[in-house]
Amino acid sequence: MRPIDDARIRASFLNASQRERAQLTLPDLDLIDWEKREFLGWRDAKFDNLGYVVLELDGELAGLILRQFSRAPNARAQCSWCNDIELPNEVVLFNTKRTGDAGRKGDTVGTLVCANFECNKNARKQPREAYLGFDVEAARQRRIDTMRENVERFARGIRDGR
Ligand SMILES: [Zn+2]
């Protein structure tokens with residue numbers, strides 16, 4: 001993804017109040033390798049049940065606040081974004097508030113995602129050579145594309161109230 005700065009990130013949130021925007025803690029953006037990610041995802045350093053995802057969606061930045069539903073990681077759950085069956089990390093259930101009236105009434109969407117949004121890294125892992133002549137690089141690119149589509153579909157659903 002293309003590099004983004006603090007102000008643009010804070011302005012991008014679809015389902016956050018003014019207070020939530022002001023309060024959120026950003027990661028150190030200088031340490032981010034933008035070329036190796038399809039979205040920016042991080043956990044809040046102060047509020048440990050909160051996570052944030054920011055991505056480019058149909059030409060505009062879209063940010064979402066996600067709230068971890070329970071403390072316990074989901075044993076052997078699969079991340080709905082990177083779809084990795086051999087995950088090196090925990091997967092947790094996040095609730096994401098809908099936008100508009102539905103969100104104000106407390107309506108949320110639940111999704112199982114890597115606990116610290118490791119999906120960018122997981123999708124870039126070298127796939128196994130399934131057969132002789134298997135195009136590992138093409139398979140890796142497909143996995144990255146699929147992961148991006150999954151995150152986009154989720155964010156679009158929240159944005160469009162679906
Ligand atoms: Zn994942």
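Author: Contact here means heavy atoms within 4.5 Å. The model is predicted. What covers the buried residues of H5 includes strand S2 (50-57), S3, S4, strand S5 (108-114) and H4.

Reader: Which residues of H5 are buried?

Author: Buried means under 20% relative accessible area. In H5 the buried residues include Val-136, Ile-144, Met-147, Phe-154 and Ile-158.

Reader: How do you know that the span of helix H5 (residues 136-159) is close to the one expected?

Author: The expected span is 1.5 Å times one less than the number of residues. With 24 residues, H5 is expected to span 34 Å, and the distance from its first C-alpha to its last is 35 Å.

Reader: What makes the side chain of Asp-135 a polar contact of Glu-137 at the start of H5?

Author: A polar contact requires a pair of N or O atoms within 3.5 Å. A side-chain oxygen of Asp-135 comes to within 3.3 Å of the backbone nitrogen of Glu-137.

Reader: Which residues coordinate the zinc ion?

Author: Cys-79, Cys-82, Cys-114 and Cys-119 do so, each through SG, at 2.3 to 2.4 Å. Donors must lie within 2.8 Å of the metal, so these distances qualify.

Reader: Why is the arrangement around the zinc ion called tetrahedral?

Author: Four donors count as tetrahedral if all angles lie between 85 and 135 degrees. The four donor atoms subtend angles of 103 to 123°, and the arrangement is therefore tetrahedral.

Reader: Why does Cys-79 count as buried?

Author: The cut-off is under 20% relative accessible area. Cys-79 has 1% relative accessibility, so Cys-79 counts as buried. Cys-119, with a relative accessible area of 0%, is buried too.

Conventions. Residues numbered from 1 in each chain as written. Predicted model: local features only at pLDDT ≥ 70, side-chain atom pairs only at ≥ 80, totals over all residues. Heavy atoms only, no water. Donors = N, O, S within 2.8 Å, 3.2 Å for Na, K, Ca; no water. Tetrahedral: all angles 85-135°; square planar, octahedral: opposite > 155°, others 65-115°. Buried < 20%, exposed > 50% of the residue type's maximum accessible area, 1.4 Å probe, protein only. Helix = DSSP H or I, 4+ residues; strand = E, 2+ residues; numbered from the N terminus. Polar contact = N/O pair within 3.5 Å; in protein donor to acceptor, adjacent residues only side chain to side chain.
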